[in-house]
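Visitor: I would like to go through this structure with you, beginning with the overall picture and then moving to particular residues.

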Amino acid sequence: MHSIALVYASRRLLESFTSAGTLEWAKHAGGTSGESPTDVTSDSNGNLYVTGGFRATSDFAGDGPGGSGDLVSLGALDWFLAKYNSSGAFQWVRGGGEGSGDQGGFLGEVALDSTGSSIFITDQYQYNSDFAGDGSGGAGDLPGTSLSNFFLVKFSRSEEHTSEL
C-alpha cells in the first residue's frame with residue numbers, strides 16, 4: 001500500500017510514501033514561474049496522472065532547461081496533464097491555454113475510464129483554450145464565451161489528445 005501526495009511548495013510535484021509513512025521518492029518540477037498541481041490519479045499499473053496549472057516555462061521531467069519535460073505556457077496560466085510511472089519516472093506531459101489573458105489550471109481534476117484506456121481532465125478557463133498545445137488558433141481550440149468557462153478533455157493513455165467538450 002502506497003500513498004501519493006500532491007505538493008505545492010519547494011518545487012516538488014509528487015511524493016510517494018510507504019504504508020509506514022517513509023518517503024520512497026519525490027518528483028520535482030521547476031521552471032521560471034510556478035506549477036500548481038490540483039489532482040492526481042493512478043491506473044492499474046501504478047502509473048500516475050497529474051493535472052493542474054503552470055506559468056511561463058516549466059520542467060516536468062526534472063532534467064533541466066531544454067529537456068524532454070519542458071512546457072512553455074501559451075498565456076497567463078495554462079493547464080497541464082503529466083504522466084509518471086510507479087517509480088516516479090517522467091513519461092510525458094501535455095498542456096494548453098491561449099495567448100492572452102487565459103487562466104486555466106485552477107480547478108483541474110483527472111480521472112480514468114473504467115478500462116483505463118482513456119484519461120479525462122476538466123478545468124476552468126477564460127477566453128479560449130488550445131487543446132492541441134500548438135498555439136495555432138486552429139483545430140483543437142475551444143472558444144470561451146465568458147470569463148468562467150469549463151472544459152472536459154479526453155486523452156488516450158499514449159498521450160494523444162482525442163477530443164474536447
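This is a predicted model: local features need pLDDT of at least 70, side-chain atom pairs count only at pLDDT 80 or more; totals for chains, interfaces and linings use all residues.

Visitor: What share of the residues counts as buried?

Guide: Of the 165 residues in the protein chain, 41% count as buried. As for contacts between residues at least 6 apart in sequence, 48% join residues at least 24 apart.

Visitor: Which residues have the most contacts inside the largest nonpolar core?

Guide: They are Leu 13, Leu 14, Phe 60, Phe 80, Tyr 84 and Val 93, in a core of 15 residues. At least two residues of this core come from each of strand S2 (12-18), strand S6 (48-54), strand S9 (78-84) and strand S10 (90-96). There is also a second, separate core of twelve residues, which includes Tyr 49, Trp 79, Ile 119 and Phe 155.

Visitor: What is Tyr 84 in contact with, leaving aside its neighbours within four places in sequence?

Guide: Its partners include Leu 13, Leu 14 and Phe 60. Lys 27 and Asn 47 are also among the residues that Tyr 84 contacts.

Visitor: Turning to the rings, how many aromatic pairs does a search of the whole structure find?

Guide: The search finds six. One of them joins Phe 54 and Phe 60 in an edge-to-face arrangement, with 6.0 Å centre to centre and 85° between the planes. Ring pairs also link Phe 54, Phe 60 and Phe 80 into a cluster.

Visitor: Why do Phe 54 and Phe 60 count as buried?

Guide: Phe 54 counts as buried because its relative accessible area is 1%, and Phe 60 because its value is 0%. The cut-off for buried is under 20%.

Visitor: Back to Lys 27: where does it lie, and what is the nearest side chain of opposite charge?

Guide: Lys 27 lies in strand S3 (residues 23-28). Lys 27 is buried yet has no salt bridge, and the nearest side chain of opposite charge, Asp 59, is 7.4 Å away. A salt bridge would require the charged atoms to be within 4 Å. A polar atom of the Lys 27 side chain does lie 3.0 Å from the backbone oxygen of Ala 61.

How values were computed
Residues are numbered from 1 along each chain as its sequence is written. Side-chain values use heavy atoms; hydrogens and water are left out. Rings of Phe, Tyr and Trp (its six-membered ring) pair if their centres lie within 6.5 Å; planes under 30 degrees apart count as stacked, over 60 as edge-to-face and the rest as tilted. Buried means under 20% relative accessible area, exposed over 50%, partly exposed in between (1.4 Å probe, protein chains only). Helices (H or I, at least four residues) and strands (E, at least two) are DSSP runs, numbered from the N terminus. Lys and Arg count as positive and Asp and Glu as negative; His and the chain ends are not counted. A polar contact is a pair of N or O atoms within 3.5 Å; within protein, one must be able to donate a hydrogen and the other to accept it, and residues adjacent in sequence count only if both atoms are side-chain atoms. A nonpolar core is a set of buried Ala, Val, Leu, Ile, Met, Phe, Trp, Tyr and Cys residues joined through side-chain atoms within 4.5 Å. Contact means heavy atoms within 4.5 Å.
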